[in-house]
Amino acid sequence: MNAVDELRERLGQVLDPELGASIVELGMVGDVAIDEGGHAVVHVALTTSGCPLRAQIERDVREAALSIESVKSVELAMGVMDPAAKAALMQRARTIAQTRAPLTTIPYQTPVLMIASGKGGVGKSSVTANLAVALAQQGHAVGVLDADIWGFSLSRLLGIEGEVKARDGKMQPIEREFGEGSIKLLSMGLLADEDQALLWRGLIVQKAVAQFIEDADWSGIQYLLIDTPPGTGDIAMTLARLLPQMGQIVVTTPTRAAQRVAARAADFARKSNIRVLGVIENMSPLRCSCGETHALFGEGGGHELSNELGVPLLCEIPLGHEIAAGGDSGEPAVLLEGEHGTFTTLARKIVRDVAPPAGAQGCTARMLDSLERAVENSQPS
Ligand SMILES: Nc1ncnc2c1ncn2[C@@H]1O[C@H](COP(=O)(O)OP(=O)(O)O)[C@@H](O)[C@H]1O
Ligand SMILES: [Mg+2]
């Protein structure tokens, strides 16, 4: 395959974030060229120039192009579709939506955030639990999937107990209300005794994760957070296949060693076409009330990693006994923090900048409706 064909193929994996279809399929990609020096030029036509998803589409196209060995630099020529092209896109989007049966109860527009690190003990599960509660407190219906099949911990961390039952052939996650919102959880912890040894092997683990997505009733959620075990290559791929909108948030501690391992996890994500949305530094230096700073796990790793990956550092979570204590009691630390607390601020940032809930974004999907109405109105009766 020559480089241009390869580039088109990679671009075929870039999805319009709202329509859930490939930008190539939708007819948004125009001319594509690569010169001898490895400089690629890609023409992309958006439905509207002020598209709020433009930055994401640009970033994904750039990443897809740079993932090809021979491409050294990328130039994006962004254009806007004329009404005829928009109408054609609308038609294609409808056909795609109709012919593609959903694999899950999770609509494509629902943001899915996978919390990953490459290494255990950096605080992925604590971050997942506290972020989920913060999002719920801000009024969202949050799904939490504990994909750590062996080392499940979310039922304990979130204080959610019960036995998962099936209704209409689908597992029903167990729900707990937090403030204005709620959390729906699925975890091995709700299926098996916490002490029970699980004799599960790699393949079965992947199957279990797939079942938690395909055979579960996640309807009604506005966010899905997925906590992962360390070294999650295979599971990440299973998840990405079922939930192509999934983005990854990388958790690291400030130390250099943890940062290297986290960088590998991010690298793997990119190779599997999973977007990396940001970095969270956990176990950051503790600022004691006596005025001293204790950097037990070093300093600056989160900043360095986010620079290296070219993604935002979403927050720095200092070491604090509240997190561990909250985990033991099933009352996550976020419940005790104020409006300006770490997790509350992080949740606001996620909603505003990183992954707005469905309906709050809107360029293509919402536009399709208004376009359709305009087209209907313009039809001679
Ligand atoms: N910021 C923090 N301050 C203090 N303890 C923390 C912090 N984050 C996590 N912990 C503790 O560290 C341990 C490992 O955290 P956990 O969330 O289970 O990590 P992972 O899921 O990455 O293995 C837990 O005992 C947890 O309570
Ligand atoms: Mg964990």
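**Walking through the model**

Tutor: Met 283 counts as buried because it has 27 C-beta neighbours inside 10 Å. Keep in mind that this is a predicted model.

Student: Okay, and where does Met 283 sit?

Tutor: Met 283 belongs to strand S12. Its phi is positive, about 65 degrees, although Met 283 is not a glycine.

Student: Take Asp 168 next: is it buried or exposed?

Tutor: Asp 168 is exposed, because it has 6 C-beta neighbours inside 10 Å. Asp 168 has a positive phi too, about 50 degrees, and is not a glycine.

Student: Which strands does Asp 168 lie between?

Tutor: Asp 168 is in the loop between strand S6 (165-167) and strand S7 (170-172).

Student: Let's zoom out. How many helices and strands does the protein have?

Tutor: There are 12 helices and 15 strands. The protein has 381 residues, and 42% of them count as buried. If you take contacts between residues at least 6 apart in sequence, 78% join residues at least 24 apart.

Student: What about the largest nonpolar core, how many residues are in it?

Tutor: The largest nonpolar core has 77 residues. Ala 132, Val 142, Leu 225, Ile 226 and Val 250 have the most contacts inside that core. Helix H4 gives the largest share of this core, eight residues.

Student: What is Ile 226 in contact with, leaving aside its neighbours within four places in sequence?

Tutor: With those set aside, Ile 226 is in contact with Val 112, Leu 113, Met 114, Ile 115, Leu 145, Ala 147 and Leu 239. Another core, of 22 residues, lies apart from the largest one, and Val 14, Val 29, Ile 57 and Val 61 are among its members.

Student: Now H10. Which of its residues are buried?

Tutor: In helix H10 (residues 321-329), the buried ones are Ile 323, Gly 326 and Gly 327. They fall within an arc of 100 degrees when you look down the axis of H10, so they line one face of the helix.

Student: And which exposed residues are on the face of H10 turned away from its buried side?

Tutor: That face carries His 321, Ala 325 and Asp 328.

Student: What do the buried residues of H10 pack against?

Tutor: They pack against two helices, H4 (124-137) and H5 (154-158). Just after H10 comes Gly 330, with a positive phi of about 75 degrees.

Student: On to ligand 1. Which residues are closest?

Tutor: The closest are Gly 123, Lys 124, Ser 125, Ser 126 and Ala 324, out of 17 residues that surround ligand 1. H4, strand S12 (275-284) and H10 each supply at least two residues of that shell.

Student: How do the residues of the shell around ligand 1 divide?

Tutor: Six are nonpolar, 10 are polar and one is charged.

Student: Strand pairing next. How do S5 and S9 run, parallel or antiparallel?

Tutor: Strand S5 (residues 141-146) and strand S9 (residues 181-186) run parallel, joined by five bridges. Ala 141, for instance, has Ser 182 in S9 as its bridge partner.

Student: And how do S8 and S9 run, parallel or antiparallel?

Tutor: Strand S8 (residues 174-178) and S9 are antiparallel, with five bridges between them. The bridge partner of Ile 174 in S9 is Leu 185. S8 and S9 make a hairpin with two residues between the strands, where Gly 179 takes a positive phi near 55 degrees.

Student: How many residues lie between the strands in the hairpin of S1 and S2?

Tutor: That one has four residues between S1 and S2, and Gly 38 in the turn has a positive phi of about 85 degrees. Four bridges join S1 (residues 29-34) to S2 (residues 39-46), which run antiparallel. Val 32 has Val 42 in S2 as its bridge partner.

Student: Last one: where is Pro 107?

Tutor: Pro 107 lies in the loop between helix H3 (83-99) and strand S4 (112-116). It counts as partly exposed because it has 13 C-beta neighbours inside 10 Å. Pro 107 and Gln 245 are 138 residues apart in sequence, yet 9.6 Å apart in space, C-alpha to C-alpha.

Definitions and conventions: Residues are numbered from 1 along each chain as its sequence is written. Chains are lettered from A and ligands numbered from 1 in the order in which they are written. This is a predicted model: local features need pLDDT of at least 70, side-chain atom pairs count only at pLDDT 80 or more; totals for chains, interfaces and linings use all residues. A residue is buried if 20 or more other C-beta atoms lie within 10 Å of its own, exposed if 12 or fewer, and partly exposed in between; C-beta atoms are placed from the backbone. The arc is that of the directions from the helix axis to the C-beta atoms. Two residues are in contact if their C-beta atoms, placed from the backbone, lie within 7 Å. A nonpolar core is a set of buried Ala, Val, Leu, Ile, Met, Phe, Trp, Tyr and Cys residues joined through C-beta atoms within 7 Å. Two strands pair if DSSP finds at least two bridges between them. A residue is near a molecule or strand if its C-beta atom, placed from the backbone, lies within 6 Å of it. Ala, Val, Leu, Ile, Met, Phe, Trp, Tyr, Cys and Pro count as nonpolar, Asp, Glu, Lys and Arg as charged, and the others, Gly among them, as polar.
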